Amino acid sequence: GLPYVQISNASYNFAVTDVHCRYRTAIRFGDPVQVITRLLSLRSRQVEFAYEVVNRASGVLCATGSSSHICIDSDGAITRIPDWVAEGLTGNVKHEE
């Protein structure tokens, strides 16, 4: 993954253009949950994620969802996703020693 603060500090952000959630079962206050995020698509300016919310205690799938985002610069103009961000989103991160 790639810390979002690193992207933001480089004057890029991802504006949400679409979001969906399907609730399957209740989560109670205090229930331990895990949010699993998966990259669905990556285009030159757009990225889409899928989500699963799982109750960690029971293993029950509680919700599924997706979100679409467009890359914008510090002025709010649509821009290309930088290569280093795309590499981070796809897991092809080059770590410096």
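From the N terminus on, the elements of the protein follow the order α-β-β-β-β-α. The model is a predicted one, and its secondary structure amounts to 2 helices and 4 strands. Among these elements, helix α1 covers residues 4–9 and strand β1 covers residues 12–23. Strand β3 is formed by residues 46–55, and helix α2 by residues 83–90.

The overall dimensions were computed next. The C-alpha trace of the protein spans about 40 × 35 × 20 Å along its principal axes. The radius of gyration of the protein is 16 Å, whereas a compact globule of 97 residues would have a value near 13 Å. Of the 97 residues in the protein, 25% are buried. The accessible surface comes to about 6800 Å², and carbon and sulfur atoms account for 49% of this surface. When contacts between residues at least 6 apart in sequence are considered, 53% of them join residues at least 24 apart. With regard to charge, the protein carries 9 positive and 10 negative side chains, and a distance of 10 Å separates the centres of the two sets.

Individual positions in the helices were then examined. Gln6 belongs to helix α1. The relative accessible area of Gln6 is 39%, so this residue is classed as partly exposed. Gln6 and Ala86 are separated by 80 residues in sequence, and their C-alpha atoms lie 13 Å apart in space. In helix α2 is found Glu87, which has a relative accessible area of 29% and is therefore partly exposed. Between Glu87 and Gly1 there are 86 residues of separation in sequence, while the distance from C-alpha to C-alpha is 9.2 Å.

The loop between α1 and β1 contains Ser11. The phi angle of Ser11 is near 70°, which is a positive value in a residue other than glycine. With a relative accessible area of 36%, Ser11 is partly exposed.

In strand β3, Val54 was considered in detail. Val54 is counted as buried because its relative accessible area is 14%, and the cut-off for a buried residue is under 20%. Leaving aside residues up to four places away in sequence, Val54 touches Pro32, Val33, Gln34, Ile36, Gly59, Val60, Leu61 and Cys62. Thr90 is 36 residues from Val54 along the chain, and the C-alpha atoms of Val54 and Thr90 are separated by 23 Å.

A pair of aromatic rings is described by the distance of the centres and the angle of the planes. The count of aromatic pairs comes to 1. This pair is formed by Phe49 and Tyr51, with 6.5 Å from centre to centre and 40° between the planes, and it is tilted. Planes under 30 degrees apart would count as stacked and planes over 60 as edge-to-face, so the rest are called tilted. The two partners fall into separate burial classes: Phe49 is buried, with a relative accessible area of 17%, whereas Tyr51 is partly exposed, with a relative accessible area of 25%.

Key
Residues numbered from 1 in each chain as written. Heavy atoms only, no water. Rg over C-alpha atoms; globule rule 2.2 N^0.38 Å. Buried < 20%, exposed > 50% of the residue type's maximum accessible area, 1.4 Å probe, protein only. Contact = heavy atoms within 4.5 Å. Areas by Shrake-Rupley, 256 points an atom, 1.4 Å probe, with all protein chains shown as cover. Lys, Arg positive; Asp, Glu negative; His and termini not counted. Charge placed at Lys NZ, Arg CZ, Asp CG, Glu CD. Phe/Tyr/Trp six-rings, centres within 6.5 Å; stacked < 30°, edge-to-face > 60°.
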